[in-house]
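Visitor: I would like to go through this model with you, one local feature at a time, with the criteria stated as we go.

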Amino acid sequence: MRRGSNLHALGGFNQTVVLDTIRRTPAGLSRVEIAEQTGLSAQTVSNVSRRLLDAGVIREAGIRSLGVGKPRTILQLDPSGHYAIGVHIDPAVITYVLLNIEGHVLAHTTTRTPSAADPGMVITEMRDSVEAIIASAGIDRQRVLGVGIASPGPIDMNLGVVLDPPLLSNWHGVALRDELERATGFFVLLEKDVTAAAVGELWKSTGADHDDFLFFYYGTGVGVGLVLSREVVRGPTKNAGDAGHIVVDPTGPMCRCGRRGCLGDAISPVTIVNAAVERGLIQLPGETPDTSAIDAGFSQVATLAHAGNPVAIELLDEVARYMAEAIVTIVNLLDLNRVVFGGPYWERVADLLLERVPAVINASTALVTLRPVTVTGSKIGADVAAVGAACLVLDATLSPRSATLFISN
């Protein structure tokens, strides 16, 4: 639990400490309980609570008897107080979600990425879709805290620029954050998609079992989000999590990096679909299928695997083996024993891979962790990156940051 301070100069930090404490207790807390949990004085908690009540961020939720003494007024988040929008850009689809301050999804929509080669068209589409999801939910636009964007990396988070994502052709140095701010008028945050997914999972989790975990993102591309001591690891350039070039099959096909058998190539949906075509399992239209055809082809493979087709099951066995190979390397390095899977393509094969991946990981002779590795699916589902992007806005507004205690010169 974050501890606060009674120094006058730290009022902003104390406010987020109180708010975060209330957020993590959905049933609500009294001012006395808040003071006990945060280490703040009763007067500081009272002052902060009054400001939050006036701002419509929290509400008084009745009276509760807490033993000896008079009954206490309970404070809870006001779910209608503020909202956040999350956007996940994928080469195939763009996903939009609207979250309330509690992190619950109120509205959701997806559109096909209009043209991965034309950032301007994508930004226009995003602007229109942001306005549409606000209108569909019937909420006050003034209560939207901002828009979070989850984008394939690499990104320059400080400048808000998408640098050169390998699966979005012609997206070279796109100032996505500033362009969308100008287009919508909202405060905008840009985050790498795998990191946003980890933020979403962390925001929705409770209990110490999610203090440290690896988030394995399975989408059009592959990556990992890292959470250590309930803090998302971003790295100095905010591009941590590129696991696509971990070698999992030294005899595999040549990667663009010059090595053979990299994880990203080995398990990507396009690789699975191409292998299914080569083995006569499915057929696709045209010689160079687009992202829509790959998406449909992957769903076909998943359906056949669920029906017990041996060729489809063999493909997923290979995916499980390669995933496990990479995960063993990462959990050994970071001393982790929890892995959470999620992403747009994970849901379609989740049950099949959850039957396979944990056993392969824990049977590995290379595994050196002291406890068995626990593997689960995301609590959020296929939209985890979009939800995480919206949670970034909530997190930036509502969660305490120790960095705010330092005075810059």
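Predicted model: local features only at pLDDT ≥ 70, side-chain atom pairs only at ≥ 80, totals over all residues.

Visitor: Is N100 buried or exposed, and what is its relative accessible area?
Guide: N100 lies in strand 5, residues 93-100, where strands (E, at least two residues) and helices (H or I, at least four) are DSSP runs numbered from the N terminus. Buried means under 20% relative accessible area, exposed over 50%, and partly exposed in between, with a 1.4 Å probe and protein chains only. N100 is therefore classed as buried, its relative accessible area being 5%.

Visitor: Which backbone nitrogen does the side chain of N100 reach, and which residues is N100 in contact with beyond its sequence neighbours?
Guide: The side chain of N100 comes to 3.0 Å from the backbone nitrogen of E102. Contact means heavy atoms within 4.5 Å. With neighbours within four places in sequence set aside, the residues in contact with N100 are P79, H82, Y83, L106 and L394.

Visitor: How is V105 classed by relative accessible area, and how far is its C-alpha atom from that of Y83?
Guide: V105 belongs to strand 6, residues 105-112, and at a relative accessible area of 43% it counts as partly exposed. Leaving aside neighbours within four places in sequence, V105 is in contact with V97, L98, L99 and V387. Along the chain V105 and Y83 are 22 residues apart, and their C-alpha atoms are separated by 9.8 Å.

Visitor: Where is F186 found, and which residues does F186 touch?
Guide: F186 sits in the loop between helix 5 (176-184) and strand 10 (188-192), and with a relative accessible area of 7% it is buried. Not counting residues up to four places away in sequence, F186 touches V130, E131, I134, R141, V144, G146, V147 and E181.

Visitor: At what angle do the axes of helix 8 and helix 9 cross, and how do the residues of their contact divide?
Guide: The axes, which are lines fitted to C-alpha atoms over the stretch in contact, with angles from 0 to 180 degrees between N-to-C directions, come within 9 Å for helix 8 (residues 269-278) and helix 9 (residues 291-306) and cross at roughly 65°. The two helices are therefore roughly perpendicular, since angles of 65 to 115 degrees count as such, under 35 as roughly parallel, over 145 as roughly antiparallel and the rest as oblique. The contact is made by P269, V270, I272, V273 and A276 of helix 8 with I294, G297, F298 and V301 of helix 9. With Ala, Val, Leu, Ile, Met, Phe, Trp, Tyr, Cys and Pro counted as nonpolar, Asp, Glu, Lys and Arg as charged, and the others, Gly among them, as polar, the residues of this contact divide into 8 nonpolar, 1 polar and no charged.

Definitions and conventions: Residues numbered from 1 in each chain as written. Heavy atoms only, no water. Polar contact = N/O pair within 3.5 Å; in protein donor to acceptor, adjacent residues only side chain to side chain.
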